[in-house]
Amino acid sequence: MEARNSASNRYKLQRRAVPENGDRLQRYENVDVQSIHVLVHTFYGCVRQHPRLGEIFENRLEGKWQEHLPKMETFWQAVLLKNGAYKGKPVPAHLKQKELVSSDYAEWLSVFRPVVRELFVPELADEIIAVAERIAQSLWLATFGIAGAEPPPELSSREVRWSGSC
């Protein structure tokens, strides 16, 4: 219980001052409900522009974005704040997505990583990305894995491939 409280205390929203090195972006130094809100809305705004993922998400969520985004905020709150807010079942939800192919999880990360790097200070971004990679690996294994399968290397940290506008 003490570890959970210290994690919650560590994840208060703060913005850093503009550094002297010319980096004008103000990034979150901690995670809280507001920074997760910004992350989810920014990320899905970029997903909607992605040449492959945009179509997949639009086919599933057309007219349902108002319902989906708060659910994703709750999911990421549960994951990053460990608050138990999310009660859904992501694996069965992803198994229903028959249009997914193996490389879609890497594409998802190719959008997620730069969004997180833009929004959070580097050390925190690395932590969030590592969590997202574990989630992507787990979902890939549930969707495409067989006994002894290893997730593709694209599901662990590497350079971003997609050069979309986000």
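User: Which residue forms a salt bridge with R52?

Analyst: A salt bridge is a side-chain nitrogen of Lys or Arg within 4 Å of a carboxyl oxygen of Asp or Glu. Here R52 pairs with D104, and their closest N and O atoms are 2.7 Å apart. R52 sits in the loop between α2 and α3, while D104 belongs to helix α6, 52 residues apart; helices (H or I, at least four residues) and strands (E, at least two) are DSSP runs, numbered from the N terminus. This is a predicted model: local features need pLDDT of at least 70 and side-chain atom pairs pLDDT 80 or more, whereas totals for chains, interfaces and linings use all residues. Residues are numbered from 1 along each chain as its sequence is written, and side-chain values use heavy atoms, leaving out hydrogens and water.

User: Is D104 buried or exposed?

Analyst: Buried means under 20% relative accessible area, exposed over 50%, and partly exposed in between (1.4 Å probe, protein chains only). D104 counts as buried because its relative accessibility is 3%. R52, at 33%, counts as partly exposed.

User: How many salt bridges does a search of the whole structure find?

Analyst: The search finds four. One of them joins R113 to E133, with the closest N and O atoms 2.9 Å apart. R113 lies in helix α6 and E133 in helix α7, so this pair ties together parts 20 residues apart in sequence. Both R113 and E133 are buried.
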